[in-house]
Amino acid sequence: MSGIKNKILILFAHPSPARSEVNFPLLQASQQLEGITVVDLYHEYPTFRINIDREQQRLREHDVIIFMFPLYWYSTPSILKEWQDLVLEYGFAYGSEGTALHGKTFFCALTAGGPESAYCAEGYNHYTLKELLQPLEQTAILTGMEFWAPFALFNARMAVEEQRVSPHVADWLRLLRAIKTDRIDREAACRMAILNKDLDAVIREAQ
């Protein structure tokens, strides 16, 4: 664990990982790095009976929490909503004594089926990706976590055909390594619309 300053927890939610052309390669790449815990929620909880104590302990043990998922109807897949409803309890995640998540970092790594141009006031989705994630941002605020811009891939259905998966995975691994070694410009990570739009502006070079 030498050099690791931030322990990362990735909560992966994809109901059909065998059909995933982007999220699953990101998952597999993440599993190869030291200092990262990857939880496949659909695999671990096929009946949605989430072990609240186990999940809360995982949160306590990590510094950075990442939701990894395909955007479904402008939100997360259902198991991530179930996870939030059960795990982020009053007295644990919020309330006068619910301080377990204070000071941690939270962001989403996601794929969107539509092109980036669709995610704006003039596009057919009418809102930016960051605007659509505002319920999760407010969750971070309520629980005392710092909320970063999403790491996102647009037009994911065409990513394999357009040979964008490998570069996206490479950018993901670069970001994870920078997070682990605490080389992130946090102000930029919060301010940007999409983290991977300009990783050079987010990642500080190693000294």
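Which residue forms a salt bridge with E116? In this predicted model, the partner is K197, and the closest N and O atoms of the two residues are 3.0 Å apart. E116 sits in the loop between β4 (105-111) and α5 (129-132), while K197 belongs to the loop between α8 (186-191) and α9 (199-202), so the pair ties together parts that are 81 residues apart in sequence. E116 has a relative accessible area of 36% and is therefore partly exposed. K197, at 55% relative accessibility, counts as exposed.

Let us stay with the charged pairs for a moment. Side chains of opposite charge can pair when their charged atoms come close. A search of the whole structure finds eight salt bridges. One of them joins R191 to E187, with 3.8 Å between the closest N and O atoms. These two residues are four apart in helix α8, which means that about one helical turn separates them. R191 counts as exposed at 55% relative accessibility, and E187 counts as exposed at 58%.

Now turn to helix α3 (residues 52-61), where R58 and E55 are three residues apart and so are separated by about one helical turn. Their side chains meet in a salt bridge at 2.5 Å, N to O. Are R58 and E55 buried or exposed? Both are buried.

Why does I65 count as buried? Its relative accessibility is 2%, and buried means under 20%. I65 and I10 are 55 residues apart in sequence, yet their C-alpha atoms are 6.1 Å apart in space. Leaving aside neighbours within four places in sequence, the contacts of I65 include L9, L11, L59, F106 and M145.

The whole structure has one cavity of 30 Å³ or more, and the largest cavity holds about 70 Å³ of space. Among the residues lining this largest cavity are L59, I65, F67, W83, F106 and M145. The elements that each give two or more residues to the lining are β3, α4 and α6 (134-142).

Finally, look at the loop between β3 (64-70) and α4 (78-87), where Y74 lies. At 37% relative accessibility, Y74 counts as partly exposed. Together with Y72 and W73, Y74 forms a nonpolar patch on the surface, and the three residues have about 410 Å² of accessible area together.

Methods:
Residues numbered from 1 in each chain as written. Predicted model: local features only at pLDDT ≥ 70, side-chain atom pairs only at ≥ 80, totals over all residues. Heavy atoms only, no water. Patch = residues over 30% accessible without salt bridge, like charges linked within 9 Å, V, L, I, M, F, W, Y side chains within 5 Å. Areas by Shrake-Rupley, 256 points an atom, 1.4 Å probe, with all protein chains shown as cover. Salt bridge = Lys/Arg side-chain N within 4 Å of Asp/Glu carboxyl O. Buried < 20%, exposed > 50% of the residue type's maximum accessible area, 1.4 Å probe, protein only. Contact = heavy atoms within 4.5 Å. 1 Å grid on protein atoms, 1.4 Å probe; cavity = no way out; pocket = protein on both sides within 12 Å on 5 of 7 lines; lining within 4 Å. Points joined across faces, edges and corners; volume = space filled by probe spheres on them.
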